[in-house]
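Let us go through this model and ask what backs each label. Keep the structure open while reading.

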Amino acid sequence: MANIMDLFSQAEVVDVKFDIDKAKGIFERIKQAQDAVGGRPRLKAKVGSGGVKVFQFTNGSKDIVMEKFQGIIIAHHKSNALFPAAADDEVEAMNKPPVCASTDGITGVVRETGECRNCEDCPHNIFGTDGKGKECKNMHRLYILMEGCPIPVTLSLPPTSLELWRNYALMDVAAAGLDMMEVVTEFGLTNEVNEAGQKYSIVNFRIVGKVSEEVKAICADMGGAIEQSPRLAIAADEYNREPTPVLEQADEEDDKLPDWDAENAEAKGEPSEVETASEGESENGAEPEEVDIDNL
């Protein structure tokens with residue numbers, strides 16, 4: 001007979017190594033430099049637009065893409081943003097920051113006037129105000145420490161990825177008796193299609209393994225420093241807002257990228273489309289380029 005705890009059963013979380021020495025040393029130097037000059041270095045990632053299954057990383061001067069990546073989530077918090085309504089010039093509208101934003105999901109601040117609004121009862125934060133969704137976009141910002149990278153990566157999860165994020169945080173991590181900062185998480189992407197036929201990507205999460213108590217303690221210190229620092233304002237590119245032509249182009253390009261779903265099928269012993277391709281060929285005609293995050 002089944003047991004209710006079977007709902008929480010999962011594969012054993014194995015111990016994994018995570019090199020944190022480089023990140024620890026440079027992070028301390030950055031904190032010292034901040035005391036002297038202010039500011040904050042920022043390494044950002046976002047979900048590729050138009051359903052293209054890649055994460056786009058930027059340090060402000062150089063951009064790279066990765067199909068998936070791994071890291072430790074050392075801090076995270078809710079965020080909301082009300083972006084400008086679509087205008088005749090869609091590209092110009094995309095480049096404008098939110099007209100109102102909240103870095104805690106509780107209190108929003110109007111950019112032009114500084115007025116504070118209660119997000120819970122704001123009329124823009126009600127389902128149906130943007131078709132079937134909300135005018136105000138509810139997101140969740142993650143700070144992720146990648147192995148060998150001294151600066152945490154900032155990733156804002158779009159509204160469509162929040163359900164999977166909550167399930168991962170509650171059922172996969174917390175229900176297993178683990179803390180978010182003691183597990184290495186793998187981030188991947190799968191596709192969905194909305195009612196208008198436009199393809200978009202949602203973020204998937206998977207526990208890779210558990211780190212040592214020493215690494216966990218260092219991650220806790222780094223996460224605590226982030227929590228105590230003023231939160232960075234929500235930027236114009238924190239939520240994908242692309243005009244229709246860009247979506248159509250992205251849909252065409254998506255067929256040239258390796259398939260995350262196919263990898264999952266292989267892991268389960270199921271045949272994938274890649275296996276049926278003729279030998280020596282790949283979906284994009286060449287081996288995908290590996291990116292070294294240390295060169296950022």
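Q: Where is the place of L178 in the chain?
A: This is a predicted model. L178 sits in the loop between helix 3 (162-173) and strand 10 (183-193).

Q: Why is L178 called buried?
A: Buried means under 20% relative accessible area. L178 has 11% relative accessibility, so L178 counts as buried.

Q: What does L178 touch, not counting residues up to four places away in sequence?
A: L178 touches V13, V173, V183, I207 and K210. Contact here means heavy atoms within 4.5 Å. Take K210: 32 residues separate L178 and K210 along the chain, and their C-alpha atoms are 8.6 Å apart.

Q: How do you know that the length of helix 3 agrees with its 12 residues?
A: Count 1.5 Å a residue, and helix 3 should span 16 Å. The end C-alpha atoms of helix 3 are 15 Å apart, which agrees.

Q: Which residues of helix 3 are buried?
A: They are L162, W165, Y168, A169 and V173.

Q: What does the face of helix 3 turned away from its buried side carry?
A: That face carries the exposed residues E163 and L170. Exposed means over 50% relative accessible area.

Q: Which strands do the buried residues of helix 3 pack against?
A: They pack against strand 4 (69-82), strand 8 (136-145), strand 9 (153-157), strand 10 and strand 11 (199-210).

Q: Why is M5 called exposed?
A: The cut-off is over 50% relative accessible area. M5 has 52%, so M5 is exposed. M5 lies in the segment before helix 1 (21-37).

Q: What makes the nonpolar surface patch of about 360 Å²?
A: I4, M5 and L7 make this patch. A patch takes residues with over 30% relative accessible area. M5, with 52%, therefore passes that cut-off.

Q: What share of the contacts in the chain between residues at least 6 apart in sequence join residues at least 24 apart?
A: The share is 65%.

Q: How many helices and strands are in the chain, and what share of its residues is buried?
A: The chain has 7 helices and 11 strands. Of its 296 residues, 37% are buried. The chain exposes about 17,000 Å², and carbon and sulfur atoms supply 50% of that area.

Definitions and conventions
Residues are numbered from 1 along each chain as its sequence is written. This is a predicted model: local features need pLDDT of at least 70, side-chain atom pairs count only at pLDDT 80 or more; totals for chains, interfaces and linings use all residues. Side-chain values use heavy atoms; hydrogens and water are left out. Patches are made of residues with over 30% relative accessible area and no salt bridge: like charges are joined within 9 Å, nonpolar side chains (Val, Leu, Ile, Met, Phe, Trp, Tyr) within 5 Å. Accessible areas come from the Shrake-Rupley method with a 1.4 Å probe; for residues, only the protein chains shown count as cover. A salt bridge is a side-chain nitrogen of Lys or Arg within 4 Å of a carboxyl oxygen of Asp or Glu. Helices (H or I, at least four residues) and strands (E, at least two) are DSSP runs, numbered from the N terminus. Buried means under 20% relative accessible area, exposed over 50%, partly exposed in between (1.4 Å probe, protein chains only). The expected span of a helix is 1.5 Å times one less than its number of residues.
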